[in-house]
Amino acid sequence: MPVTLINPDGLPKPEVYRQLSIATGSRLVFLAGQVARDAEGRKVGEGDLAAQVEQSYLNIATALAAIGGSFDDVAKLTVYVVDWTPDKMPLLGEGVARAAAKLGVDPVKPVTLLGVAALGEPDLLVEVEATAVLD
């Protein structure tokens, strides 16, 4: 596996993400931010943060599968949430958990969570960028 995730001594050890990603593969992949759209570009989960997170994660897996990878190859995620407040964390977690269950993967990665005023389209609540490393 080209990506190893760790929480090193001397740093907090959160349950929902890892502090470091060690990548040893030979292909670095930068995915554009993925949003709640299906393969035909139709909206998924309008007004539903958990559903939009789930679809964003599934889209990352779909993109990586197209080049011979999987969600396991993700080295880092950046999650942009519109009008972020801490009370949205359970919905974020629910969407991640549902995607992980469908994909059969451990979704815990190094992640940066950013609250933003808006995204590129008014119905979007979340956008997820990924960096992956493949052999």
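Predicted model: local features only at pLDDT ≥ 70, side-chain atom pairs only at ≥ 80, totals over all residues.

User: Which residue does Val 74 stand opposite in β6?

Analyst: Val 74 faces Ala 132 there. Another residue with a partner in β6 is Val 81, which bridges to Val 126.

User: And how many bridges are there between β3 and β6?

Analyst: There are 6 bridges, again in the antiparallel sense. For one example, Phe 30 has Thr 131 of β6 as its bridge partner.

User: What's the strand order in the sheet?

Analyst: The order is β3-β6-β4-β5, in an open sheet of 4 strands with mixed pairing. The edges are β3 and β5 (residues 111-116), each pairing on one side only. From one strand to the next, the twist averages 10°.

User: Which strands does α1 touch?

Analyst: Helix α1 packs on the sheet and touches β3, β4 and β6. Its direction makes about 25° with that of β6.

User: OK, switching to the core. Which residues touch the most other members of the largest one?

Analyst: Those are Tyr 57, Ile 60, Leu 64, Phe 71 and Leu 77, out of 24 residues in that nonpolar core.

User: Which elements each supply at least two residues?

Analyst: β3, α1, β4, α2 and β6 do. The most comes from α1, with 7 residues. There's also a second, separate core of 5 residues, including Val 35, Tyr 80, Val 82 and Leu 124.

User: Back to Phe 71. What is it in contact with, leaving aside neighbours within four places in sequence?

Analyst: Its contacts are Tyr 57, Ile 60, Ala 61, Leu 64, Leu 77, Leu 103, Val 105, Pro 107 and Lys 109.

User: Is Phe 71 buried or exposed?

Analyst: Buried, because its relative accessibility is 3%. Tyr 57 is at 6%, so Tyr 57 counts as buried too.

User: Now charges. What's the salt bridge count?

Analyst: The count comes to 8. One of them joins Arg 98 and Glu 54, with the closest N and O atoms 2.8 Å apart. That pair links helix α2 to helix α1, 44 residues apart in the chain.

User: Are those two residues buried, partly exposed or exposed?

Analyst: Glu 54 is buried, with a relative accessible area of 9%. Arg 98 is partly exposed at 30%.

User: What does Arg 98 do with Glu 94?

Analyst: Their side chains meet in a salt bridge at 2.6 Å, N to O. Both are in helix α2, and since they are 4 residues apart, about one helical turn separates them. Glu 94 itself is partly exposed, with a relative accessible area of 36%.

User: Which residues end up in one network?

Analyst: Glu 54, Glu 94, Arg 98 and Lys 102, joined by salt bridges that share partners.

User: Last one: what about Arg 42?

Analyst: Arg 42 forms a salt bridge with Asp 38, with closest N and O atoms 2.8 Å apart. Asp 38 counts as partly exposed because its relative accessibility is 22%.

How values were computed:
Residues numbered from 1 in each chain as written. Heavy atoms only, no water. Buried < 20%, exposed > 50% of the residue type's maximum accessible area, 1.4 Å probe, protein only. Core = buried A, V, L, I, M, F, W, Y, C linked by side-chain atoms within 4.5 Å. Contact = heavy atoms within 4.5 Å. Pairing = 2+ DSSP bridges. Axes fitted to C-alpha atoms, helices over the stretch in contact; angles between N-to-C directions. Salt bridge = Lys/Arg side-chain N within 4 Å of Asp/Glu carboxyl O.
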